[in-house]
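Please keep the sequence and the three-dimensional view at hand while reading.

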Amino acid sequence: MSALTLQTFQEQVSELLLRHRSLLDVLSKTGQSSSSVNRAVVKAVTECGCIELHATKQSFEPDMNLEQAKEVVGKHVQGHLCENCREAISSELGRNLFYLSALCNLLDINMDEVVENESRKCSTLGLFNLS
């Protein structure tokens, strides 16, 4: 079986999307699905407890080099997702990708090109990409 491409997925979404073909509907479903991803992650912390958050201020000293800065920066997550939470979050992420693909379809945007352009930008800008 060959790897699924974003283009193939985008075509599949176009064939399956029936109820929400309006741009406004897809925008609202994209927001709703993004909120569901957030909620699934929050539930992994607050209901299941398979992961914990220990967030503190991330301090950088002016004389730090890049490697030292990477060591200082924490992701604030301790533990690992249990199988149930991993499945729930993956499912919500999939639904979110579905509606992002639908949005791309409605606006005639190729997801493969979006990923290629973003990757090129990340390569060019490096650490300054999202700062």
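Leaving aside its neighbours within four places in sequence, with which residues is A102 in contact? The model to be consulted is a predicted one. In it, A102 is in contact with V13, L17 and V26, once neighbours within four places in sequence are left aside. A102 itself is found in helix α4. With a relative accessibility of 1%, A102 counts as buried, because buried means under 20% relative accessible area.

Helix α4 has 24 residues, which at 1.5 Å a residue should span 34 Å; the C-alpha atoms at its ends are 35 Å apart, so the two values agree. The buried residues of α4 are C85, I89, E92, N96, F98, Y99, S101, A102, L103 and C104. An α-helix has 3.6 residues a turn, so residues three or four places apart point the same way.

Not counting residues up to four places away in sequence, S101 touches F9, Q10, V13 and M111.

Helix α2 comprises residues 23-48. It has 26 residues, and the distance from its first C-alpha to its last is 36 Å, close to the 38 Å expected at 1.5 Å a residue. The helix contains a kink of about 30°, centred on V42. At the start of α2, a side-chain oxygen of S22 comes to within 3.2 Å of the backbone nitrogen of L24. Just after the helix, G49 adopts a positive phi of about 85°.

Which residues of α2 are buried? They are V26, T30, S33, V37, A40 and A44. These buried residues pack against β1 (51-53) and against α4 (83-106). Apart from its neighbours within four places in sequence, S33 is in contact with E92, R95, N96 and Y99. Of the buried residues listed for α4, E92, N96 and Y99 are among them.

When residues up to four places away in sequence are not counted, C48 touches K43, C82 and C85. C48 and P62 are 14 residues apart in sequence, while the distance between their C-alpha atoms is 39 Å.

T5 is placed in the segment before α1. With a relative accessible area of 37%, T5 is partly exposed. T5 and R120 are 115 residues apart in sequence and 18 Å apart in space, from C-alpha to C-alpha.

Helix α1 (residues 6-16) and helix α5 (residues 111-125) pack at an angle of about 145°, and their axes are 7 Å apart. On the side of α1 the contact is made by L6, Q7 and Q10, and on the side of α5 by M111, D112 and V115. These residues divide into three nonpolar, two polar and one charged.

Finally, the loop between α4 and α5 contains D108. Just after α4, D108 takes a positive phi of about 55°, and this is a positive value in a residue other than glycine. Is D108 buried or exposed? Its relative accessibility is 73%, so D108 counts as exposed, the limit for that class being over 50%.

Note on methods: Residues are numbered from 1 along each chain as its sequence is written. This is a predicted model: local features need pLDDT of at least 70, side-chain atom pairs count only at pLDDT 80 or more; totals for chains, interfaces and linings use all residues. Side-chain values use heavy atoms; hydrogens and water are left out. Helices (H or I, at least four residues) and strands (E, at least two) are DSSP runs, numbered from the N terminus. The expected span of a helix is 1.5 Å times one less than its number of residues. The bend at a residue is the angle between axes fitted to the seven residues ending there and the seven starting there. Buried means under 20% relative accessible area, exposed over 50%, partly exposed in between (1.4 Å probe, protein chains only). Contact means heavy atoms within 4.5 Å. A polar contact is a pair of N or O atoms within 3.5 Å; within protein, one must be able to donate a hydrogen and the other to accept it, and residues adjacent in sequence count only if both atoms are side-chain atoms. Axes are lines fitted to C-alpha atoms, for helices over the stretch in contact, and angles run from 0 to 180 degrees between N-to-C directions. Ala, Val, Leu, Ile, Met, Phe, Trp, Tyr, Cys and Pro count as nonpolar, Asp, Glu, Lys and Arg as charged, and the others, Gly among them, as polar.
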